Amino acid sequence: MGGGSLSDVYSQARRLLLEVRDGLERLERLESHSSISSPRASGRSNDDSAPDLAQTLKRDLSQLQTYSADMDRLWRSQMPKSQRDLWKRKLEQVTEEVDSLKFALDNYLSRRHRRQMEVKERAELLQRVNGDSARVLQNFDVEAQAMQSAQNSSSMLDEAYSTGIAVLSKYAEQRDRLKQAQRKALDIINTVGLSNSMLKIIERRHRMDKWIIYIGMFLTVVIIVIVWRWTH
């Protein structure tokens, strides 16, 4: 820039200041759009263009600082004393605008770096949570399988207990039936025994009656004979 005039350098600096200001406004719009939109809804082209635009603005600001240094040298060497105060104020104005734009860009880059760190931390936290969730689910599956096995064992025990109760109930029913049959058999035996006794008593009485008849007949004959002889 050593061969350029102060007016040329100043014009280039003013034009570049407008470009940098427009670029910063575009960055702020992209940042605002990214903050109010969901990650899926935000445009990838805007997110991808922001770093390139920020890098371009950094180069432009560096160029503006070079312009400021050139103008500071030129106004001292080229301008007559009557115009030096005017150009000094113009140079101070350009320098202030450059510093202000550089401050705004640094703030944007700081916010952008902070958002990137937050995204990284969230991703790491989500990864840890997913890992913990996987371990929890694995432990839950193991516990669920153990509970299922315990339930199956309990069901088998209940079924075996029910089967045992049913078998014992059948045995009790069979025992009652056997007792009833035994009682009927004893009743029949007793009944048969009583009938035999009665038959024996009847037979004995029948024989005694026959002897009584025979003796009565014999005594009757004897009495008749005695009476007949007595009368004759």
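Is W87 buried or exposed? W87 is buried, because its relative accessible area is 10%; buried means under 20% relative accessible area, exposed means over 50%, and partly exposed lies in between (1.4 Å probe, protein chains only).

1. Basis of the note. This is a predicted model, in which local features need pLDDT of at least 70 and side-chain atom pairs count only at pLDDT 80 or more, while totals for chains, interfaces and linings use all residues. Residues are numbered from 1 along each chain as its sequence is written, and side-chain values use heavy atoms, with hydrogens and water left out.

2. Overall architecture. The protein has three helices and zero strands, and along the sequence the pattern reads α-α-α. Helices (H or I, at least four residues) and strands (E, at least two) are DSSP runs, numbered from the N terminus. Of the 232 residues in the protein, 16% are buried.

3. A pair of aromatic rings is described by the distance of the centres and the angle of the planes. Rings of Phe, Tyr and Trp (its six-membered ring) pair if their centres lie within 6.5 Å; planes under 30 degrees apart count as stacked, over 60 as edge-to-face and the rest as tilted. The count by this rule is two aromatic pairs. One of them joins Y10 and W87, edge-to-face, at 5.5 Å centre to centre and 90° between the planes. Because Y10 lies in helix 1 (residues 6-36) and W87 in helix 3, this pair ties together parts that are 77 residues apart in sequence. Y10 is buried, since its relative accessible area is 16%.

4. A pair within one helix. The ring centres of W211 and Y214 are 6.3 Å apart and their planes stand at 85°, so this pair is edge-to-face. W211 and Y214 are three residues apart in helix 3 and are therefore separated by about one helical turn. W211 is exposed, with a relative accessible area of 58%.

5. Nonpolar surface. W211 and Y214 also belong to a nonpolar surface patch, whose members include L219, and the patch has about 1,200 Å² of accessible area together. Accessible areas come from the Shrake-Rupley method with a 1.4 Å probe; for residues, only the protein chains shown count as cover. Nonpolar side chains (Val, Leu, Ile, Met, Phe, Trp, Tyr) are joined within 5 Å, and like charges within 9 Å. L219 lies in helix 3 and is partly exposed at 47% relative accessible area.

Notes. Patches are made of residues with over 30% relative accessible area and no salt bridge: like charges are joined within 9 Å, nonpolar side chains (Val, Leu, Ile, Met, Phe, Trp, Tyr) within 5 Å. A salt bridge is a side-chain nitrogen of Lys or Arg within 4 Å of a carboxyl oxygen of Asp or Glu.
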